[in-house]
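Work through the exercises below with the sequence and the model at hand. Try each task before reading its solution.

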Amino acid sequence: MIHQISPQLIKAYRQASYVVFGDEGEIALKVGKVSLELVTILKKNNVNCAAFLTAYNPHSQQLERTANQLSQAKLLEELQSQHIDCLLGEGRDDSGEWLAESSVLALGIGLQNAEMLAQQFKQNAFVWVNNLDGLVSLRLCHQIAIPTSSEANQWISQLPAHLQEVARLTPFTEIAWLMSVPDQELEHWLNVDSWDLNKPWPLARPDGSAMGVGSELDRVFRLIPAGVQRFI
C-alpha cells in the first residue's frame with residue numbers, strides 16, 4: 001500500500017512552529033512565512049539553503065522518548081559524517097496537543113540529500129528554505145490523501161455559507177489541498193472576488209509550492225508571463 005498523508009496532518013505541519021536555537025535566542029520558523037532572522041544565519045554561514053529535519057515519531061506515529069532520542073542521534077551522526085553544519089532546534093505544536101520534537105537545522109544541505117534523509121528516517125515531510133529570500137516551505141515525502149466523498153462533504157458543510165457553493169464545484173484533488181491550509185487562508189483561495197490587489201497574499205499555494213513575495217497584483221504579473229491561467 002502506498003503511504004499517503006492526510007490533509008489534516010499536513011495542516012498540523014503548516015501550523016506548527018519550527019524553532020531554531022540560535023546564538024541570540026530562539027528563532028521560530030513558520031511555513032509560508034519569510035524569516036529575516038534565518039536569512040541572517042544563512043549569510044553568516046555562507047550558505048543559501050537549509051532544511052529543518054527530525055527523526056522523531058516516524059510517519060507521525062508517537063514513539064517512546066528513548067527510541068526517538070536514538071533515532072535523532074543517528075540523524076545527527078549522519079549529518080556530521082557529511083560535514084554539514086547544524087543548529088539544534090525543535091518542532092512545536094502551538095496547540096500543545098503534540099510533544100515537542102527534537103530537530104536540527106542543516107545548513108547548506110542540498111534538497112535531494114534532505115529528501116533522502118527525511119525518507120531514511122521515515123518522515124512524512126520536512127521544512128525547507130530554498131534561497132536567501134528566507135521563505136519557509138513544507139516539503140512532503142509522500143502524496144496527500146484524497147478525501148472520500150463523505151469526508152469532502154463534511155468539510156464543505158463546516159465552511160462559511162458563502163464559500164460552500166464554490167467548494168462543491170472544486171475537484172476532490174484540490175479539496176485535499178484546501179483542507180490542509182490554515183483556516184484564515186480559505187477565504188483567499190475560495191473567494192477570488194475578495195482579493196485586494198494592494199494587500200499581501202499567501203507566500204505559498206495550498207500544495208506548498210512557493211509563489212514569491214509581494215501583493216496580489218505582483219503575483220498576477222508574475223504568473224501571467226509564466227503562462228499560468230489559473231491562480232488557485
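The model is predicted: local features need pLDDT of at least 70, side-chain atom pairs count only at pLDDT 80 or more, and totals for chains, interfaces and linings use all residues. Residues are numbered from 1 along each chain as its sequence is written, and side-chain values use heavy atoms, without hydrogens and water.

**Exercise 1.** State how many helices and strands the protein has, and what share of its residues is buried.

Solution. Helices (H or I, at least four residues) and strands (E, at least two) are DSSP runs, numbered from the N terminus. The protein has nine helices and nine strands. Of its 232 residues, 43% are buried, that is, under 20% relative accessible area with a 1.4 Å probe, counting protein chains only.

**Exercise 2.** Give the strand order of the open sheet and find its edges.

Solution. Two strands pair if DSSP finds at least two bridges between them. The seven strands lie in the order 3-2-5-6-4-7-8, with antiparallel pairing. Strand 3 (25-29) and strand 8 (136-140) pair on one side only, which makes them the edge strands. Within the sheet, strand 4 (residues 50-53) is joined to strand 6 (residues 101-107) by four bridges. In this pair, F52 stands opposite L105.

**Exercise 3.** Determine which strands helix 1 touches, and its angle with strand 8.

Solution. Contact means heavy atoms within 4.5 Å. Helix 1 (residues 7-15) packs on the sheet and touches strand 2 (17-22), strand 7 (125-129) and strand 8. Angles run from 0 to 180 degrees between N-to-C directions of axes fitted to C-alpha atoms, for helices over the stretch in contact. The direction of helix 1 makes about 155° with that of strand 8.

Definitions and conventions: Buried < 20%, exposed > 50% of the residue type's maximum accessible area, 1.4 Å probe, protein only.
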